[in-house]
2 protein chains.
Amino acid sequence: MQTRSVGTRVKAASTEGGRRTRDRILRAAAELMFKQGVAGTSIPDVQRRAQVSASQIYHYFGDKKGLTAAVIEYQSTVKLEQQRPLLDHLDSIDALREWCERAAVRLDAVHCAGGCEIGSLASELSDIDPSARLGLATGFAAWQAAIESGLARMRERGDLGADEDVPALAVTLLAAIQGGMLLSQVSQDATPYRRAVNVVIDHIADRVAAAQASRSTDR
Amino acid sequence: MQTRSVGTRVKAASTEGGRRTRDRILRAAAELMFKQGVAGTSIPDVQRRAQVSASQIYHYFGDKKGLTAAVIEYQSTVKLEQQRPLLDHLDSIDALREWCERAAVRLDAVHCAGGCEIGSLASELSDIDPSARLGLATGFAAWQAAIESGLARMRERGDLGADEDVPALAVTLLAAIQGGMLLSQVSQDATPYRRAVNVVIDHIADRVAAAQASRSTDR
DNA sequence: GCGAAATTGGAAAGTCAATTCCAATCCTTG
DNA sequence: CAAGGATTGGAATTGACTTTCCAATTTCGC
C-alpha cells in the first residue's frame, strides 16, 4: 500500500490548537464530501466551512487526495464507533431490526439525502482512486465482520443451523442496506430501504425458525 | 436549479450525418461517465473520445447538464432494451437466477469496474441535480416494475402465495443487486454480488416452496 | 444547381480550483 | 525571555474546464 502523495509534506498537529484546526477541517470536509460528493467539494468550500486558510489544509493533509483519504478513514472509524454498542450485539433478530431501523430513522431525518456515508464515497472513488478503494474496502469489511460475528454467535448458540452460510447472509444484509439506501436516496423515501432490509431480516428469521423446528424434531 | 437548461438552444439532428455524430457523442459520454463518473468526465474528454469538436457537443446537447441528462436516458433505455427478452420472463426462480448471473458474468468480464450503469449515476447525481434524480428514479422504476411483473405472474399462477408482498420482494432483489454490485466494485470481486443476489433469490424460492406446501396440505 | 439550414472547426473569454510560497504570528521549551 | 518549530494568512501561479462565437463547409429541399 504505497499510499503515495500523503507521505508528502504532511505535518501531524503537535499543538492543541493545531489538533483542533485539523479536526475542524476534517469534519467540514467529511460533511461536504458526503453532501456534495468529493468532486463537488472544492478546497475553498472546505476553507469557508471550516473557517481556515488554504495553507492550513495543505499543511495538515498535503493535498486534496490526502484530505480525501483522511475523510474516508474518519467516516469509517467514526460511524463504526457511533454504532459500537449496537454493532457488538447483532446476535438476535430483534437486534438486527433495531440496528437497521436506527438507520432508517436517520434517513427520514435527512429526507434520504446522501445515502450511506461510506457507500457514496465508495461509488464515487472506487474506480478512480486505488488507494481510496482500499480504504473503503477496509471500511466495508469492518461492517461485514460485525454482522458476521453476530450471526456466528447465533449459530454457535443454535439459533441458526450449523450449515448456514453466515458470510453470505452477512454480505446480503450489507448489500440490502447499501442498495436500499441508494434506492431511497433516489426516490427520496425511506420505504425501499426499510422494505429491502426487512425482507432480508425476514429471511434470516426464517432460517432461525427452521433451526428451531429441526431441533424440536431431533428430540 | 429547475429542469431548465436543456430547453436552451438544443438542435435535434435532422440529417443522417448529424444523427450519427449525436450518437457518437452520446455513446462516448455514456462510456466515459460510467468509467470515470460525471464530474470526472470533461467535455474535452468526450471530444477526444468521440472525435468531434466542442461546438458539436454544445450544438446537440446545449450544455454539460443536457449531455448528462441525455446519458441518463440513454443508459436507462439501452440497458432495459438489451435485457428485454430476459426481463419479460422473470417469472420463475430459474429465470431470476439466470438474469442475475448474466450480470455477474459481465462483472467478471470488467473486473467489477463501474458497478451498475444507473446506480453509479444515481449515487453521484441524486443529491446535486434534481432533474437528474427524477430521470434516475424513472430508470429504477422501470427495473423494479419488470421484476414485480414477473413475481406477480408467479403469484397469479400460484407459485407464490396470495399474501406475498411482491413489491417488497422486488425492491429487495433490486437493492441486493445494487448493493451487491457496489460491494463487488469496492472489493473487485463479484462474489459479494453473487452471494447477495442468490440469498435473496433463495428467499423467494423458500416462499415458493411454502406456497407449494400449503397447496398440497389444502387438498 | 441554389439558397437556406444544418453541421463543423477552432479560437477565445471568463471562471474557478489546486497548489505553492513567503512572510507573519503563535507557542513551547530550555 | 529568546530561539525555533508550529501554525496561519493570503496573494500569486498555473492550468483546466465550460461555454460562447463566428467563420467555414456541407447537406437538403426544390
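Predicted model: local features only at pLDDT ≥ 70, side-chain atom pairs only at ≥ 80, totals over all residues.
1. Leaving aside residues up to four places away in sequence, A29(A) touches T41(A), V46(A), L67(A) and V71(A). A29(A) and A29(B) also have the most contacts inside the largest nonpolar core, a set of 124 residues. As background, nonpolar side chains in soluble globular proteins tend to be buried together.

2. Next, the DNA. There are 24 residues around DNA strand C, and those that come nearest are S42(A), I43(A), K64(A), G18(B) and S55(B).

3. Helix 3 of chain B has the largest share, with four residues.

4. Now look at where the chains meet: 43 residues of chain A and 43 residues of chain B take part in the contact. On the chain B side, two or more residues come from each of helix 1, helix 7 (117-125), helix 8 (130-157), helix 9 and helix 10 (191-218). Helix 9 of chain B makes the largest contribution there, 16 residues. That side of chain B divides into 21 nonpolar, 16 polar and six charged residues.

5. With 22 residues at 1.5 Å a residue, it should span 32 Å, and its end C-alpha atoms are 31 Å apart, so the two agree. The helix is mostly covered, with 19 of its 22 residues buried.

Note on methods. Residues numbered from 1 in each chain as written. Chains lettered and ligands numbered in written order. Core = buried A, V, L, I, M, F, W, Y, C linked by C-beta atoms within 7 Å. Buried ≥ 20, exposed ≤ 12 C-beta atoms within 10 Å, placed from the backbone. Contact = placed C-beta atoms within 7 Å. Near = placed C-beta within 6 Å. Expected span 1.5 Å × (residues − 1). Nonpolar A, V, L, I, M, F, W, Y, C, P; charged D, E, K, R; others polar.
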